[in-house]
Amino acid sequence: MPMCLMANAGVLTATADAAPETWRRLVGYLLQACAAPAAQPLPDPPTSRQMYRAMMRTTHQQRGG
């Protein structure tokens, strides 16, 4: 469970501004991975534009900007 929480925290940090609903997909995926017989369709993934914005923001922060 701590690893799931850490993964979700990373997703929230990386995508909060550009794709704020991305965490829902990760949580849905993690829940399904633990309960495969009850699998349901996952929430839609973030758009390419949202992911690009999130990645650019993360890269910018890592470089100290």
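Reader: Let's start with Thr15: is Thr15 buried or exposed?
Author: Keep in mind that this is a predicted model. Thr15 sits in helix α1, which covers residues 2-15. Its relative accessibility is 6%, and buried means under 20%. So Thr15 counts as buried.

Reader: Which residues is Thr15 in contact with, leaving aside its neighbours within four places in sequence?
Author: For a contact, look for heavy atoms within 4.5 Å. Once the neighbours within four places in sequence are left aside, the contacts of Thr15 are Pro20, Thr22, Ala54 and Arg57.

Reader: Okay, zooming out: how many helices and strands does the protein have?
Author: Going from the N terminus, the elements run α-α-α. The secondary structure therefore comes to three helices and zero strands.

Reader: What does the C-alpha trace span along its principal axes, and what share of the residues is buried?
Author: Along its principal axes, the C-alpha trace spans about 45 × 25 × 10 Å. The protein exposes about 5,100 Å², with 64% of that supplied by carbon and sulfur atoms. As for the 65 residues in the protein, the buried share is 12%.

Reader: How do α1 and α2 run relative to each other: roughly parallel or roughly antiparallel?
Author: Two packed helices are described by the angle between their axes and the distance between the axes. For α1 and α2, the angle is about 160° and the axes are 9 Å apart. Angles over 145 degrees count as roughly antiparallel. That's why α1 and α2 are roughly antiparallel.

Reader: Is the crossing of α1 and α2 left-handed or right-handed?
Author: Picture the pair with α1 and α2 packed at about 160°. Their crossing is right-handed.

Reader: Which residues in α2 meet α1, and how do the residues of that contact divide by type?
Author: On the α1 side you'll find Cys4, Ala7, Asn8, Val11, Leu12 and Thr15. They meet Thr22, Trp23, Leu26, Val27 and Leu30 in α2. By type, the residues of this contact are eight nonpolar, three polar and no charged.

Reader: Asn8 is on that list, so is it buried or exposed?
Author: Asn8 lies in helix α1. Leaving aside neighbours within four places in sequence, it's in contact with Trp23, Leu26 and Val27. With 15% relative accessibility against a cut-off of under 20%, Asn8 counts as buried.

Reader: What about Leu5, is it buried or exposed?
Author: Leu5 is found in helix α1. Its C-alpha atom is 9.2 Å from that of Val27, 22 residues apart along the chain. The relative accessible area of Leu5 is 56%, and the cut-off is over 50%, so Leu5 is exposed.

Reader: And over in α2, is Leu31 buried or exposed?
Author: Leu31 is found in helix α2, residues 22-34. At a relative accessible area of 57%, which is over the 50% cut-off, Leu31 is exposed.

Reader: How does α1 sit relative to α3: roughly parallel or roughly perpendicular?
Author: α1 and helix α3, residues 48-62, pack at an angle of about 95°, and their axes are 8 Å apart. The range from 65 to 115 degrees counts as roughly perpendicular. So α1 is roughly perpendicular to α3.

Reader: Where does Gln50 belong, and is it buried, partly exposed or exposed?
Author: Gln50 is found in helix α3. It touches Ala18 and Ala19, not counting residues up to four places away in sequence. Gln50 and Ala18 are 32 residues apart in sequence, yet their C-alpha atoms are 5.1 Å apart. Since its relative accessibility is 26%, Gln50 counts as partly exposed.

Reader: Last one: is Tyr52 buried or exposed?
Author: The place of Tyr52 is in helix α3. Tyr52 and Ala14 are 38 residues apart in sequence and 11 Å apart in space, C-alpha to C-alpha. Because its relative accessibility is 53%, Tyr52 counts as exposed.

Conventions:
Residues numbered from 1 in each chain as written. Predicted model: local features only at pLDDT ≥ 70, side-chain atom pairs only at ≥ 80, totals over all residues. Heavy atoms only, no water. Helix = DSSP H or I, 4+ residues; strand = E, 2+ residues; numbered from the N terminus. Buried < 20%, exposed > 50% of the residue type's maximum accessible area, 1.4 Å probe, protein only. Axes fitted to C-alpha atoms, helices over the stretch in contact; angles between N-to-C directions. Parallel < 35°, antiparallel > 145°, perpendicular 65-115°, else oblique. Left-handed = near helix turned anticlockwise from the far one by under 90°. Nonpolar A, V, L, I, M, F, W, Y, C, P; charged D, E, K, R; others polar. Areas by Shrake-Rupley, 256 points an atom, 1.4 Å probe, with all protein chains shown as cover.
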